[in-house]
Amino acid sequence: MGLLGIRGTGRATRGSGGGRQALVQLLVLALVSAVGLVLGGTGASSADAVSACGGRPAKTVKFATGELRVYRSRAYACAVTVAKKPGKRRQMSVQLQARGARPVGDSGRYTTQAGPVTVSALHRCIRATGSVSGTSRSTGWILC
């Protein structure tokens, strides 16, 4: 078995290209790793909030320090509050309530977003509130 567990042809002997095969295997491994970093990067951005909630975007409320995003699937609603300028920790919160139910929320000192929070919202109106650094906005009752 060759370098990194990749089987060679068995014909390579010392001095007849075995070192070249190992070099090619290392280059392929480096290339695959680089492509993985480019396609599945590790940096957080405001686009990551899209993957935090399932469903389709239902409402976005922008304000000076961030935005409140509400998503809706068939039976559930989900909300996140995303900072306009991610980076330093600051007080952020998100709250989501289905009509007739108690509100569900997430609050703390975050760098990028608060949430996601999810509620069962089949045939119910919902309302959401988001806050970043003391500035907050609400949707009122929506999706009725």
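Helices (H or I, at least four residues) and strands (E, at least two) are DSSP runs, numbered from the N terminus. In this predicted model, Thr112 falls in the loop between strand E5 (104–110) and E6. The legends below use these element names.

**Figure 1. Overview of the predicted model.** The protein has 144 residues, of which 29% count as buried. Its secondary structure amounts to 2 helices and 8 strands. Along the sequence the elements run α-α-β-β-β-β-β-β-β-β. A search of the whole structure gives 2 disulfides and 0 aromatic pairs. With bonded cysteines counted along the chain, the disulfides follow the pattern 1-2, 3-4.

**Figure 2. The disulfide between Cys53 and Cys78.** The S to S distance in this link is 1.9 Å. The torsion about the S-S bond is -60°, and the link is left-handed. Cys53 sits in the loop between helix H2 (48–52) and strand E1 (56–63), while Cys78 belongs to strand E3 (residues 76–83), so the bond ties together parts that are 25 residues apart in sequence. Cys53 is buried, with a relative accessible area of 5%. Cys78 is buried as well, and its relative accessible area is 5%.

**Figure 3. The disulfide between Cys125 and Cys144.** Here the sulfur atoms are 2.0 Å apart. The torsion about the S-S bond is about 135°, so this disulfide is right-handed. The pair links distant parts of the chain, 19 residues apart. Cys125 is in the loop between strand E6 (113–120) and strand E7 (126–132), and Cys144 is in the segment after strand E8 (135–138). The two ends of the link are described separately for accessibility. Cys125 has a relative accessible area of 13%, below the 20% limit, and therefore counts as buried. Cys144 has a relative accessibility of 71%, above the 50% limit, and therefore counts as exposed.

**Figure 4. The cis peptide bond between Gly115 and Pro116.** Omega for this bond is about 15°. Pro116 is part of strand E6. As background, most peptide bonds are trans.

**Figure 5. Positive phi at His123 and Ser133.** Most residues other than glycine have a negative phi. His123 is not a glycine, yet its phi is positive, at about 60°. This residue, His123, is placed in the loop between E6 and E7. His123 is exposed, with a relative accessible area of 74%. Ser133, also not a glycine, has a positive phi of about 55°. Ser133 is placed in the loop between E7 and E8. With a relative accessible area of 41%, Ser133 is partly exposed.

**Figure 6. Arg99 over the face of Trp141.** The distance from Arg99 to the ring centre of Trp141 is 4.3 Å.

**Figure 7. Arg90, a buried residue with no salt bridge.** Arg90 is located in strand E4 (residues 90–98). Its nearest side chain of opposite charge is that of Glu67, 13 Å away. The side chain of Arg90 does reach the backbone oxygen of Lys85, at 2.3 Å.

**Figure 8. Leu68 in strand E2 (residues 66–72).** Leu68 is buried, with a relative accessible area of 0%. Leu68 and Ala79 are 11 residues apart in sequence. In space, the C-alpha to C-alpha distance between Leu68 and Ala79 is 7.1 Å.

**Figure 9. Thr112 and its contact with Thr111.** Thr112 occupies the loop between strand E5 (104–110) and E6. Its relative accessibility is 14%, so Thr112 counts as buried. The side chain of Thr112 makes a polar contact with the side chain of Thr111, at 3.4 Å. Residues adjacent in sequence count for a polar contact only if both atoms are side-chain atoms, and the contact of Thr112 with Thr111 is between side chains.

Methods: Residues numbered from 1 in each chain as written. Predicted model: local features only at pLDDT ≥ 70, side-chain atom pairs only at ≥ 80, totals over all residues. Heavy atoms only, no water. Disulfide = S-S within 2.5 Å. Buried < 20%, exposed > 50% of the residue type's maximum accessible area, 1.4 Å probe, protein only. Phe/Tyr/Trp six-rings, centres within 6.5 Å; stacked < 30°, edge-to-face > 60°. Lys NZ or Arg CZ within 6 Å of the ring centre and 35° of its normal. Lys, Arg positive; Asp, Glu negative; His and termini not counted. Salt bridge = Lys/Arg side-chain N within 4 Å of Asp/Glu carboxyl O. Polar contact = N/O pair within 3.5 Å; in protein donor to acceptor, adjacent residues only side chain to side chain.
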